[in-house]
Amino acid sequence: MNPRPEILSEKEVGLGWHPKRVLLILLIFSIIMMFAAFTSGYIVRRDEGNWREFDLPASLLVNSILIALSSASMQWAYFSARKDEISRLKTGLIITLVLGVAFLIGQFRSFGDLVAGNTYFGGADANPSGSFVYVLMGVHAFHLVTGLIFLAVVLRRALNYQVHSRALLSIGNATLYWHFLGGLWLYLYLFLLLNH
């Protein structure tokens, strides 16, 4: 007769971290390394010469405010889940989704502003300075889309009353990832302002 396997508590698994949280943190570290490589490459390439200076679109400041506000609404949703305030949780998630989509639309409008200012990603008229800006914005936008999908999944779970004070893993992970995306964008925006 085989002994019954012991069920490990969350504390015993990964120093108190759920395996999904550990995977998310590993993902975040890999994204940090990727953007560290991009920004390092930016600085090295800028110092080599043939670097066109241009003004960043003013819309990037508006987008930065939008993503900061979305981070605040996400935190509100998380706190609401901890207090079992389900209607506020849903409202906070919807506000976060709307602000996230508005940020994404704003980023694509910023692409248009760059083109209007004769800053191109590729082609005969392109310069590495513009190409780097498009890459930084584009790769961040891709990760933001994954964040929006993650938020939509958590919202669906919240609508089915599967997110509350005793089931915080999904909203906890979504909150961590969303704050990371917001912080990453603010870093990129400040990096471009200071190094452009």
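Aspartate 84 counts as partly exposed, at 36% relative accessibility. Its side chain pairs with arginine 166 in a salt bridge, the closest N and O atoms being 3.7 Å apart. This is a predicted model. The protein chain holds five helices and zero strands.

**Overall fold**

- Read along the sequence, the protein chain runs α-α-α-α-α.
- The C-alpha trace spans about 70 × 40 × 25 Å along its principal axes.
- The protein chain has 196 residues, and 41% of them count as buried.
- Contacts with a separation of 6 or more are 79% made by residues 24 or more positions apart.
- The accessible surface of the protein chain comes to about 11000 Å². Carbon and sulfur atoms own 66% of that surface.

**Charges and salt bridges**

- The protein chain carries 15 positive and 11 negative charges.
- Side chains of opposite charge can pair when their charged atoms come close.
- The structure holds three salt bridges.
- One of them joins arginine 166 and aspartate 84. Arginine 166 lies in the loop between α4 (128-159) and α5, and aspartate 84 in the loop between α2 (59-82) and α3 (86-116), so the pair ties together parts that are 82 residues apart in sequence.
- The two partners fall into separate exposure classes: arginine 166 is exposed, with a relative accessible area of 67%, whereas aspartate 84 is partly exposed at 36%.
- Another salt bridge links the side chains of arginine 88 and glutamate 85, at 3.6 Å from N to O. Arginine 88 is partly exposed at 44% relative accessibility. Glutamate 85 is also partly exposed, with a relative accessible area of 27%.
- Aspartate 47 and arginine 46 meet through their side chains in a salt bridge of 3.5 Å, N to O. Aspartate 47 counts as exposed, at 57% relative accessibility. Arginine 46 is partly exposed, with a relative accessible area of 23%.

- Helix α1 covers residues 19-47 and includes isoleucine 32. Phenylalanine 29 also sits in helix α1.
- Phe29, Ile32 and Met33 make a nonpolar surface patch of about 330 Å².
- Phenylalanine 29 counts as exposed because its relative accessibility is 51%, and the cut-off for exposed is over 50%.
- Isoleucine 32 has 37% relative accessibility and so counts as partly exposed.

**Threonine 175 in helix α5**

- Helix α5 covers residues 169-195, and threonine 175 is found there.
- Is threonine 175 buried or exposed? Threonine 175 counts as buried because its relative accessibility is 5%, and buried means under 20%.
- Which residues does threonine 175 touch, not counting those up to four places away in sequence? The residues are Met74, Gln75 and Tyr78.

Notes. Residues numbered from 1 in each chain as written. Predicted model: local features only at pLDDT ≥ 70, side-chain atom pairs only at ≥ 80, totals over all residues. Heavy atoms only, no water. Helix = DSSP H or I, 4+ residues; strand = E, 2+ residues; numbered from the N terminus. Buried < 20%, exposed > 50% of the residue type's maximum accessible area, 1.4 Å probe, protein only. Contact = heavy atoms within 4.5 Å. Areas by Shrake-Rupley, 256 points an atom, 1.4 Å probe, with all protein chains shown as cover. Lys, Arg positive; Asp, Glu negative; His and termini not counted. Charge placed at Lys NZ, Arg CZ, Asp CG, Glu CD. Patch = residues over 30% accessible without salt bridge, like charges linked within 9 Å, V, L, I, M, F, W, Y side chains within 5 Å. Salt bridge = Lys/Arg side-chain N within 4 Å of Asp/Glu carboxyl O.
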